[in-house]
Amino acid sequence: MKFRLHRFDPESGKKPFMQEVELDIDPAGKMLLDALLELKAGDDTLAFRRSCREGVCGSDAVNANGRNVLACVTPLSSLKEPIEIRPLPGLPVIRDFVVDMEPFYRQYRSIKPWLINDEPEPERERLQTPEERAELEGAYECILCGACTSACPSFWWHPDKFVGPSGLLQAWRFIADSRDQATEERLDNLEDAYRLYRCRGVMNCVEACPKGLNPTEAIGKIRELLVKRKV
Amino acid sequence: MDKRVFDAVILGGGGSGLRAALQLADSGFKVAVVSKVFPTRSHTVSAQGGITAALGNVTEDNWHWHMFDTVKGSDYLGDQDAIEFMCREAASAVYELEHMGLPFSRLDNGKIYQRAFGGQSQNFGGEQAVRTCACADRTGHALLHTLYQRNIAARTQFFDEYYALDLVRDAEGYCLGLTAMSIETGEPILIEARATLLATGGAGRVFWNTSNAMINTGDGLGMVLRAGLPLEDMEFWQFHPTGIAGVGSLITEGVRGEGGYLVNSRGERFMERYAPHARDLASRDVVSRAIATEIHEGRGCGPHADHVLLKLEHLGEQVIAERLPGIRELSIRFAGVDPVNGPIPVAPTAHYMMGGIPTNLNGQVVAPARYGPEEPVPGLYAVGECACVSVHGANRLGGNSLLDLVVFGRAAGRHMIEYLTENPYPRELPDAAVQFGLKRLARWSETRGDETVDGITRELRRLMQKHCGVYRKRAVLEEGLGELAGLQERAGKITLGDQSRVFNTARIEALELENLLLVARATIVSALAREESRGAHSREDFPQRDDDRWLKHTLYHLENDQLDTKPVRLKPLTVDSFKPMARSY
C-alpha cells in the first residue's frame with residue numbers, strides 16, 4: 001500500500017515534508033494503526049502516540065486523508081491510496097504525528113470537569129433514577145482524543161478563547177448530572193462571546209468523533225439553558 | 001540535571017496512582033504524578049465489567065461472603081488478612097467513587113446497578129451473587145476519568161509523558177525518589193520525594209496474545225528488580241477466557257454475567273461439563289482451561305478450529321445496547337460481528353498479572369531482611385496491578401481489580417501521610433544513586449550491533465506465548481529459559497536508528513523492552529520452581545495442587561535468578577481463617 005507521511009523532527013534542522021512510502025501489508029481485517037506499527041518497525045524514527053489499540057484510550061488520533069480519525073479503529077481498507085497521514089490540525093506539531101495537546105487540555109480544565117456538590121455526603125450512594133442517569137449518555141464517554149476539537153475551524157482561530165466541542169461536551173456532562181449543583185456557575189463560565197458562542201454549528205466535530213458522540217447537540221442544549229435563564 | 005522536590009512522587013497515572021495522589025493532595029501534601037502517557041490513557045481506562053463490592057443492591061450480600069469467594073478464587077494462595085481488609089473496605093470505596101461523580105448505571109430504585117460476575121456466591125459457596133457495580137461496560141473509563149478530574153480539582157502536579165528510569169535509594173535502603181526523562185524533550189530529571197509510590201500497572205505485553213495496552217511493559221517491576229528487591233508470585237498470569245479471537249481485545253465477563261454463554265463447534269454449552277454448578281460463571285482460570293481443552297481436543301470453531309463462540313443474541317438488542325454498548329462496538333470493529341445478530345469468536349488472552357512487587361496492607365514494599373521476610377523498604381510503596389499484596393493469589397476474580405486499585409490506593413495514600421509526618425525532612429541524596437538511572441539512558445545512544453527493538457520484542461512475546469501459556473511443563477519452560485537467555489544477549493546488540501532527543505519513541509520502546517525481558521525471566525524461573533497446579537498456573541507434569549509443599553508465595557531475585565519462598569498469611573484480621581478445600585464451581 002502507498003502512504004504519504006508527514007515527517008518533522010525539529011532537531012534535524014529540516015522543514016516538515018511529506019514522505020512517500022510503500023508498505024507490503026494485506027489490509028484485510030487490519031486497522032490503520034497496524035500499518036503505522038509496521039512502518040515504524042521498518043523505520044524506528046517515525047513518532048506517534050498509541051496505547052490501548054482498541055479505541056478507548058484516545059492516544060492515536062491523526063489526520064488521515066483529510067479526516068481526523070483514531071488510527072486503531074480505522075480499517076485500512078476504508079482509506080484510499082495513497083493514504084496521507086498528518087498530525088491533527090490546529091495544534092502545534094512536536095514531531096511527525098505528535099502534536100502538543102496542551103491547548104486542548106487547558107480548555108478541558110477550564111470548564112471545571114468535576115462534580116460539584118457541597119451537601120454532606122450520605123453514608124451510601126446518592127440516588128439517581130435511570131432516567132436521570134440516561135441524561136449522561138453520549139456525554140460521559142468522551143475519551144479526550146482531540147479529534148473533534150482539532151477539526152473545528154472556530155478552535156483553529158481561537159484556541160485560547162473558544163472551549164471547543166470536547167470541552168463543551170464535558171461541560172454539558174456535568175450540567176446534565178442530577179447530582180451536580182453548579183449549573184448556574186457553569187453557565188456563567190460559558191456565557192461570553194467566545195467560550196461557547198464561537199460554535200458556528202458546522203458540525204465537523206460530529207463527523208470526527210470516533211465514539212459517535214454529538215458535541216453540537218450538547219452545545220445546543222447549553223445554549224437553550226443560557227437563553228432560558230435570560231427570559 | 002533538572003531537579004524537582006515534592007513530598008511524594010507517584011509513578012503511574014492509572015486508577016491506583018490517582019487514588020493515592022488524591023488522598024495526599026486533599027491532605028495538603030505536595031504530590032507529583034509521573035506518567036509516560038497522559039493519565040486518562042492509562043490501562044485502567046480499558047476495564048469494562050465493573051468493580052466488586054457487597055452493596056447488596058440486587059441480592060442479599062455481605063463482605064464476608066465476598067471474602068470467601070476471593071479466597072477460594074485465589075486457590076487459597078491469597079493472603080487472608082489483605083483479602084478481609086479489601087472486602088471490608090469495598091463498599092465505602094465504591095460509595096466514595098459515586099460521591100466523586102462516577103456515573104454508575106442505576107437500578108430502578110436509583111441505587112448503583114450491580115451485575116453477576118464469575119466466582120461470586122451467597123452464603124459461602126451457595127447461590128450466585130450479584131455483586132459487581134457497573135457503569136455500562138465502561139466502568140474503568142468512568143473510574144479513571146473521575147479520579148483524574150478530582151485530581152485536577154485538588155491541584156495534583158502532573159508530569160505527563162515522562163518516562164521513569166530508576167529508583168533513587170541511599171545506602172540504608174531509603175527510597176528518595178526517582179530519575180525520569182521528559183519524552184518530549186529527552187531531558188533527564190531527578191524527582192526527589194520522601195515517599196515514592198509505584199503504580200505502573202501490569203506487563204501483559206510479554207505475551208503475544210494479550211488484552212493489555214501497548215504501554216503495559218512492567219516498568220515498575222524492572223525498576224524494583226534493578227534495585228535488588230524481589231518480585232512475588234510471578235508465575236501467576238491470568239488468561240482471560242474471552243479475548244476476541246486473533247486480536248486479543250477483551251470481551252468482558254459481564255457478558256456472561258448478563259446471560260451470555262459459550263458454545264463449541266458442536267453447539268454444546270461445554271462449560272456444563274467443567275463446572276456443573278456455576279457453568280459459564282466459573283472462575284476465569286477454570287473457563288480458560290476449559291476453552292483450551294475444547295480447542296485442543298478438536299472442538300474449536302472456525303476454519304482453524306482455534307476458538308469458541310460467545311452467544312448473546314438471546315439477550316436482545318435493548319439489553320445489549322444499554323448494558324454492553326462498548327463490547328458491541330469492539331465486536332463489530334474487530335470481529336466483524338454485531339453480537340445482536342451472531343456469536344462473538346473468542347479465545348483465552350493474557351490479561352492480568354497476579355504477582356508483582358510484594359507489599360503489605362499499607363502498600364509498603366516489603367522484602368526479606370534482617371528481621372523477617374516482610375520488612376518494609378522505607379519510603380517505597382506499590383499499589384495496583386504492579387503490586388502483590390496479595391489479594392488475588394493464584395487467580396483473580398473479575399471485578400476485584402478495580403477494587404484493588406481504589407482500596408489499596410487509598411490505604412497507601414493514608415500510610416504515606418503518616419510516614420511523611422514522621423519523616424518531615426529529606427535525607428541526603430547520594431550522587432551515585434542518581435547516576436544509576438542515567439547510565440541506562442546513555443546505553444541507547446551507543447552504536448552496537450544490528451539487532452532491533454521490534455525484532456527482539458516480537459520474538460520475546462512469541463517465546464512467552466509458546467513456553468509459558470495456559471498449560472506449562474518442565475521441558476518446555478526450560479527450553480524457553482534457554483531461548484530467553486539468547487534473546488537477552490542479543491538485546492545487548494541493539495542499535496537505535498532514532499537518535500533525536502525530541503519525542504524519541506524508539507528509545508522509550510527500548511527502555512520498555514529492558515523491563516519486559518526482566519519480567520519474562522522472573523515469570524519463567526518462578527513457573528519452573530512451582531511444581532504444582534494452582535489457580536492460573538497449570539503444570540501438565542504436576543496436575544494437582546500441593547498444599548504441603550506449595551501453599552506459599554515465591555520470591556524472585558534478579559541476582560543469580562535466586563528463588564525464595566514465604567508463607568501465605570492464612571490468618572485474617574478478625575474472622576476465622578478459610579481452610580484450603582478442594583475447589584470446584
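Guide: Ala, Val, Leu, Ile, Met, Phe, Trp, Tyr, Cys and Pro count as nonpolar, Asp, Glu, Lys and Arg as charged, and the others, Gly among them, as polar. By class, the lining of the largest cavity has 15 nonpolar, 26 polar and 7 charged residues. This is a predicted model: local features need pLDDT of at least 70, side-chain atom pairs count only at pLDDT 80 or more, and totals for chains, interfaces and linings use all residues. Residues are numbered from 1 along each chain as its sequence is written, chains are lettered from A and ligands numbered from 1 in the order in which they are written, and side-chain values use heavy atoms, leaving out hydrogens and water.

Visitor: What makes a space a cavity, and what makes it a pocket?
Guide: The test runs on a 1 Å grid over the protein atoms alone. In a cavity a 1.4 Å probe fits but cannot get out; a pocket is an open set with protein on both sides within 12 Å along at least five of seven lines. Lining residues have an atom within 4 Å of a point. The structure holds 10 cavities of 30 Å³ or more.

Visitor: What volume has the largest cavity, and which residues lie nearest its centre?
Guide: About 720 Å³. Volume here is the space filled by probe spheres set on the grid points, which are joined across faces, edges and corners. The lining counts 48 residues, with His43(B), Thr44(B), Gly201(B), Asn216(B) and Glu385(B) nearest the centre. Helix 1, strand 2, strand 7 (162-169), strand 14 and helix 11 (400-422) of chain B each give at least two residues to this lining.

Visitor: What sits around the centre of the second largest cavity?
Guide: Its volume is about 290 Å³. Of the 20 lining residues, Arg49(A), Arg50(A), Lys36(B), Val37(B) and Phe503(B) are the closest to the centre. Helix 15 of chain B gives the most, with 4 residues. The lining has 10 nonpolar, 3 polar and 7 charged residues.

Visitor: How many residues line the second largest pocket?
Guide: The lining has 27 residues, and Asn209(B), Ile295(B), Asp306(B), Ala347(B) and Pro348(B) lie nearest the centre. The volume is about 760 Å³. The lining divides into 13 nonpolar, 11 polar and 3 charged residues.

Visitor: How do you know that strand 1 of chain B pairs with strand 9 of chain B?
Guide: Strands pair if DSSP finds at least two bridges between them. Strand 1 (residues 2-11) and strand 9 (residues 188-198) of chain B are joined by 9 bridges and run parallel, so they meet the rule. Lys3(B) stands opposite Leu190(B) there. Strand 1 of chain B also pairs with strand 2 (residues 31-35) of chain B, in the parallel sense over 4 bridges. Leu11(B) has Val34(B) as its partner in strand 2 of chain B.

Visitor: What makes a crossover right-handed?
Guide: With the strands pointing away from the viewer, the path from the first strand over the helix to the second runs clockwise. Strand 1, helix 1 (residues 15-26) and strand 2 of chain B make such a right-handed β-α-β unit. Helices (H or I, at least four residues) and strands (E, at least two) are DSSP runs, numbered from the N terminus.

Visitor: Why do strand 11 and strand 12 of chain B count as edges?
Guide: The open sheet of 4 strands has the order 11-14-13-12 (chain B), with antiparallel pairing. Strand 11 and strand 12 (261-263) of chain B each have a single partner strand, so one side of each lacks a neighbour in the sheet. Neighbouring strands are turned by 45° against each other on average, direction ignored. Strand 12 and strand 13 (residues 308-311) of chain B share 3 bridges; Tyr261(B) has Lys311(B) as partner.

Visitor: At what angle does helix 8 of chain B run to strand 11 of chain B?
Guide: About 60°, and helix 8 of chain B lies across strand 11, strand 12, strand 13 and strand 14 of chain B. Axes are lines fitted to C-alpha atoms, for helices over the stretch in contact, and angles run from 0 to 180 degrees between N-to-C directions. Contact means heavy atoms within 4.5 Å.
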